[in-house]
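Colleague: I am new to this structure and would be grateful for a guided reading. May I put some questions to you once the structure is before us?

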Amino acid sequence: YNNFLYTISGLIQLDESDEALNLIHSERLGNHALISFLNEKIQDTFISGLIIGFYNRAKELKVTLLLDEDSFCGKLGQHLEKHLLISILGNLVTNAFEAVEHLEEENRIVRIYIYEYENEVICEIEDSGNGIDQHIINNIFEKKQSTKDKEFRGYGLSIVDENLRKLNGSIAIEGGELGGAL
């Protein structure tokens with residue numbers, strides 16, 4: 001939001017108050033649509049807060065973040081360790097953002113689908129990147145397994161795997177309809 005505020009400040013200083021108002025209104029409309037979606041479809045405040053964070057990060061990265069309209073998540077029960085789910089989603093969405101960062105702006109797309117039913121939460125994170133190289137897919141959840149800098153990277157998916165085990169969950173990796181990983 002600092003960049004947004006600096007832009008508004010600059011527009012006001014340039015006596016471009018109409019442009020500043022247009023920017024404020026377009027920002028408010030985008031946030032209003034997101035908040036309406038979350039109020040209707042995602043009732044767990046931890047997950048809603050995380051999605052708002054993803055939305056803001058996506059805007060900074062100039063990534064189109066799609067929230068699947070079929071998503072639904074009520075208030076998650078006490079049986080679920082939410083910090084583990086947040087860690088899982090955070091790592092997967094961050095990987096998806098990184099998978100599309102090299103693409104032209106109009107092709108940078110990440111889709112999130114979350115569906116909660118009884119004691120299960122199903123999450124899909126999909127990107128429009130290049131997908132996962134088949135030669136590393138069997139070892140992708142091992143530490144320091146990365147297509148980036150292996151000295152300092154390659155921990156996120158091992159953390160995802162570890163947290164999923166703690167939650168008695170599982171993960172599947174495949175090609176998505178957007179052309180990248182799902």
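Colleague: Are α4 and α5 roughly parallel or roughly antiparallel to each other?

Modeller: This is a predicted model, in which local features need pLDDT of at least 70 and side-chain atom pairs count only at pLDDT 80 or more, while totals for chains, interfaces and linings use all residues. Residues are numbered from 1 along each chain as its sequence is written, and side-chain values use heavy atoms, with hydrogens and water left out. α4 and α5 pack at an angle of about 150 degrees, their axes 9 Å apart (axes are lines fitted to C-alpha atoms, for helices over the stretch in contact, and angles run from 0 to 180 degrees between N-to-C directions). Angles under 35 degrees count as roughly parallel, over 145 as roughly antiparallel, 65 to 115 as roughly perpendicular and the rest as oblique, so α4 and α5 are roughly antiparallel.

Colleague: Which residues of α4 and α5 make the contact?

Modeller: Contact means heavy atoms within 4.5 Å. From α5 come Gly156, Leu157, Ile159, Val160, Asn163, Leu164 and Lys166. From α4 the residues are Leu84, Ser87, Ile88, Asn91, Leu92 and Asn95.

Colleague: In what order do the elements of the protein chain run from the N terminus on?

Modeller: Helices (H or I, at least four residues) and strands (E, at least two) are DSSP runs, numbered from the N terminus. The protein chain has five helices and three strands. Their order is α-α-α-β-α-β-β-α.

Colleague: Which strand pairs with β2 in the antiparallel sense?

Modeller: Two strands pair if DSSP finds at least two bridges between them. Strand β1 (residues 64–67) is joined to β2 (residues 109–117) by four bridges, and β1 and β2 run parallel. The antiparallel pairing of β2, over eight bridges, is with β3 (residues 120–127).

Colleague: Which residue in the hairpin of β2 and β3 takes a positive phi?

Modeller: The hairpin has two residues between its strands. The positive phi there is near 50 degrees, and the residue that takes it is glutamate 118.

Colleague: Is tyrosine 113 buried or exposed?

Modeller: Tyrosine 113 forms a stacked aromatic pair with tyrosine 115, at 6.4 Å centre to centre and 5 degrees between the planes (rings of Phe, Tyr and Trp, the last by its six-membered ring, pair if their centres lie within 6.5 Å; planes under 30 degrees apart count as stacked, over 60 as edge-to-face and the rest as tilted). Buried means under 20% relative accessible area, exposed over 50% and partly exposed in between, with a 1.4 Å probe and protein chains only. Tyrosine 115 is partly exposed, with a relative accessible area of 30%. Because its relative accessibility is 17%, tyrosine 113 is buried.

Colleague: What is the relative accessible area of alanine 181?

Modeller: Alanine 181 is found in the segment after α5 (156–166). Not counting residues up to four places away in sequence, alanine 181 touches Ile125, Glu126, Asp127, Gly131, Ile132, Glu174 and Gly176. The C-alpha atoms of alanine 181 and asparagine 130 are separated by 7.3 Å, although these residues are 51 residues apart along the chain. Alanine 181 is buried, with a relative accessible area of 13%.
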